[in-house]
Amino acid sequence: MENQNRQTKRVSSITRKMQWQLVGTKTRLIFGFDFLLLLILTAGWAYIQEIKVFGNFDIHRSRDLFTDTDFYGLMYSVTDDRVEKLRVAAAQPLFEILIVIGVLLIFQIVFEIIIHSLVKQRKIKKILSPINEIALQADKLSRMMYGDDKFEVLEDAIDHIKPEEEELISLNDSDLAGIEAAMNNLLIRMRETNRQQARFVNDASHELRTPIAVIQGYANMLARWGREDEKVLDESIQAIAHEADHMNKLVEQLLFLARGDSGRTKLNREPIALNDMMQEIYEESFMIDEEHPYQFLKNDEALTIEADATLLKQAVRILIDNAAKYTKKGDEIILGFGKTKEGNTYIQVQDTGIGMSQADVEHMFDRFYRSDETRNVSGTGLGLSIAKWIVDSHGGHFEILSRMELGTRVRIVL
C-alpha cells in the first residue's frame, strides 16, 4: 500500500507539472498582450499631442524622450524642420498608463486563477480522466510486485514529456502498455485543447485587427481633411460607426461562447409549443427581411419540447440570417418543423442560395470559419458556432443537406 501511495503521488505531481506548464504559457501571453497595449497607449498619447500642436501626424519628424533629472522630469519633444516645436511633460501620463496596465494585469491574473481554479475545474477533471486509469494500473503493478526498474522506466518517460510537442510516450514494455496508452490519450487530449485555445485567441485577434485598422485609417483621414471636407467627414463617421458596431457584435459573441465554454450559461428549460414559436419567428422574419419571401410549412401535429425558449429561438434566427445572406433577393426561404423517421423532433430552415461543398459543410460550425465563396459577405464567423453550442447544450444535433448553386437545408434535431 505504501508503494502504491508513493507511485500515485509521483503521477499526481507530474500531472500538476503539466497542468501548470499550460497555465504558464497563457500567463506569458497575458504579459505579452499587456506590453503591446502599453506601447499602443504610449504611442496614442504621443500621437494626440502632435495632433494638438501640428494638426496632423508626420512620420518624418524627429522625436525624443529625455530627462535631465529623474523619471518625474521626463519630457517628450518633437522637432520639425530642425526646430523644436513641441515639448511636453511625459512623466505623469506615462505613470497613469502604467497604473492602468498594472491594474489590468492584476485583474487578468486574478481572473485567470479564478477561472483555472473554479470554473475550469470540471473541464480539467474531464480532460484528466485518464489519470484514473493510470491509478488503477499503478495499483495493479503494485499488487503484481513489479520491481523498481518498471517504475524507473515509467518515471523517466514521464519526466521527459513536453506538452507543447507532438511526441508521445513509448515505454517499450508490454507490462506497462496500459499506462502507456492512458498517458498518450491524456497527452493528445490536452494538446488538442491547447491548440483550440491558441487558435481561438489568434482568430479573435485577427478579426479584431481589421475593424481597428479601418477606424484608425478613417481617424487619420478626419485629422487631415475632415475639418474642411464634409464628404470626408460624413464618410468617416459612417465607416467608424459601422466598424464599431461590428466590433461590438463580435465581442458580444465572443463573450457568449466564453461563458458557454466556462459553464456559466444555464439553460432555463420549459415546455415550448413549436407551432407558436415558429409562427412567431416566421412573422418576425417578414418584418426584419423585406428582400426575401418566407414560407412557413405548418404542422397539424401539436409538438411540444422541453428547451430554453430564448436560446433555441436565437439558434433558429442565426440559421435564418445565414440563409438570407446567401440567398438572392426575391428567392424563397422555407421554415418548418416536424418529426423524423426515428421519432425525434426537428426544426428546419431551407434556402435556395449558393449552397456549400462537402468540405465547407464539415467545417461550417468551426469558429471564424469562412469559405472562399462567402468572404465577401459581412459577418463574424461566430454565428453558427453559437448555434451549435446552443443545440449541443440541449442534447441535439444538426443535419445538413446542401448542394452547390441549389441551396441548403439545415435541421436542428432534438
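Guide: A nonpolar core is a set of buried Ala, Val, Leu, Ile, Met, Phe, Trp, Tyr and Cys residues joined through side-chain atoms within 4.5 Å. Keep that in mind as we look around this predicted model.

Visitor: Which residues touch the most other members of the largest nonpolar core?

Guide: Met-277, Met-278, Val-316 and Leu-335 do, out of 44 residues in that core. Helix 9 supplies the largest share, 9 residues.

Visitor: What does Met-278 touch, leaving out residues up to four places away in sequence?

Guide: Its partners are Phe-296, Val-316, Leu-335, Gly-336, Phe-337 and Ile-347.

Visitor: How do you describe the packing of helix 9 and helix 11?

Guide: Helix 9 (residues 309-325) and helix 11 (residues 383-393) pack at about 145 degrees, and their axes are 9 Å apart. The crossing is left-handed. Among the residues that meet are Leu-311, Ile-318 and Asn-322 in helix 9, with Leu-384, Trp-389 and Ile-390 in helix 11.

Visitor: What classes of residue make up the contact of helix 9 with helix 11?

Guide: There are 10 nonpolar and 3 polar residues, and no charged ones. Gly-383 belongs to this contact, and because Gly is classed as polar, Gly-383 goes with the polar residues.

Visitor: Which elements of the protein chain have the lowest and the highest mean pLDDT?

Guide: Helix 3 (residues 121-127) is lowest at 59, while strand 8 (residues 345-351) is highest at 95. For the protein chain, the mean is 78, with 75% of residues reaching 70 or more.

Key. Residues are numbered from 1 along each chain as its sequence is written. This is a predicted model: local features need pLDDT of at least 70, side-chain atom pairs count only at pLDDT 80 or more; totals for chains, interfaces and linings use all residues. Side-chain values use heavy atoms; hydrogens and water are left out. Axes are lines fitted to C-alpha atoms, for helices over the stretch in contact, and angles run from 0 to 180 degrees between N-to-C directions. Helices (H or I, at least four residues) and strands (E, at least two) are DSSP runs, numbered from the N terminus. A crossing is left-handed if the near helix is turned anticlockwise from the far one by less than a right angle, and right-handed if clockwise. Contact means heavy atoms within 4.5 Å. Buried means under 20% relative accessible area, exposed over 50%, partly exposed in between (1.4 Å probe, protein chains only). pLDDT is the predictor's confidence in each residue, from 0 to 100.
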